[in-house]
Amino acid sequence: MKLAIASDHGGFRLKEAVKAYLAEKGLEVLDFGCTGAESVDFPGYAKKVGDAVNAGEAKLGILCCGTGIGMSIAANKLKGIRAAAVGDVFTAKATREHNDSNVLCLGERVTGEGLALTIVDTWLNAEFLGGRHAQRVNAISNLEAELC
C-alpha cells in the first residue's frame, strides 16, 4: 500500500516517526514535506496529500500538525477527502469503518508517539463497513457536489 504523508512545523517530528514506522512495516510512503521545524503554513501541505489521494498516487494520507485539527480543516476543503483528526484508538477504527476516512490527521502536541503509532496501525487495519454507512458517505459526497 502506498501512503502520502505531510506535516507542518508543529507535526514534523511526529511525521518523521510515523514515516519511519511505516517504512519498517514495508509500506511505501510519499513524503510531501515539510522538511524541518521552521514555521510553515499547513494548508498547502494538506492540499498536496489530498491531491495525491484523489489522483490515486496514494491509497490513503496522513497529516501531522500541532493538534491535527488545522490539517483536518484544510484537507476537508478538498472534494473527495474525508479527513479525521484522531487522538484515540476507538476513533481511529470508527472513522475508517463508518466514515471511510481517507486521510488521518494527528497532533504532535496532544498525542504521544507511541499512541500515534497505535492509532496509525488501527486506522490502516480497519476497513469501511459499507451498508448504512455507505449511504452517509454518499450524503457527504452530495453535500460536496452542492457546494462546489
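Biologist: What makes the charged end of Arg96 count as sitting over the ring of Trp123?

Modeller: A charge sits over a ring if NZ of Lys or CZ of Arg is within 6 Å of the ring centre and within 35 degrees of the ring normal. The charged end of Arg96 is 5.6 Å from the centre of the Trp123 ring, and it does sit over that ring. Keep in mind that this is a predicted model, where local features need pLDDT of at least 70 and side-chain atom pairs count only at pLDDT 80 or more, while totals for chains, interfaces and linings use all residues. Residues are numbered from 1 along each chain as its sequence is written, and side-chain values use heavy atoms, with hydrogens and water left out.

Biologist: Why is α4 called roughly parallel to α5?

Modeller: The axes of helix α4 (residues 89–99) and helix α5 (residues 113–125) come within 8 Å and cross at roughly 25 degrees. Angles under 35 degrees count as roughly parallel, over 145 as roughly antiparallel, 65 to 115 as roughly perpendicular and the rest as oblique, so α4 is roughly parallel to α5. Val89, Ala92, Lys93, Thr95 and Arg96 of α4 meet Leu115, Thr118, Ile119, Thr122 and Trp123 of α5, where contact means heavy atoms within 4.5 Å.

Biologist: Which classes of residue make up the contact of α4 with α5?

Modeller: Five are nonpolar, three polar and two charged. Here Ala, Val, Leu, Ile, Met, Phe, Trp, Tyr, Cys and Pro count as nonpolar, Asp, Glu, Lys and Arg as charged, and the others, Gly among them, as polar.

Biologist: And what makes α1 oblique to α5?

Modeller: The axes of helix α1 (residues 12–24) and α5 cross at roughly 50 degrees and come within 10 Å. That angle makes α1 oblique to α5. On the α1 side the contact is made by Leu14, Ala17, Val18, Tyr21 and Leu22, and on the α5 side by Glu113, Ala116, Leu117, Val120, Asp121 and Leu124. By class, the contact of α1 with α5 has nine nonpolar, no polar and two charged residues.

Biologist: Which residues does a cis peptide bond join?

Modeller: Gly33 and Cys34, with omega about -5 degrees. Cys34 is in the loop between β2 (28–31) and α2 (43–54).

Technical notes:
Axes are lines fitted to C-alpha atoms, for helices over the stretch in contact, and angles run from 0 to 180 degrees between N-to-C directions. Helices (H or I, at least four residues) and strands (E, at least two) are DSSP runs, numbered from the N terminus.
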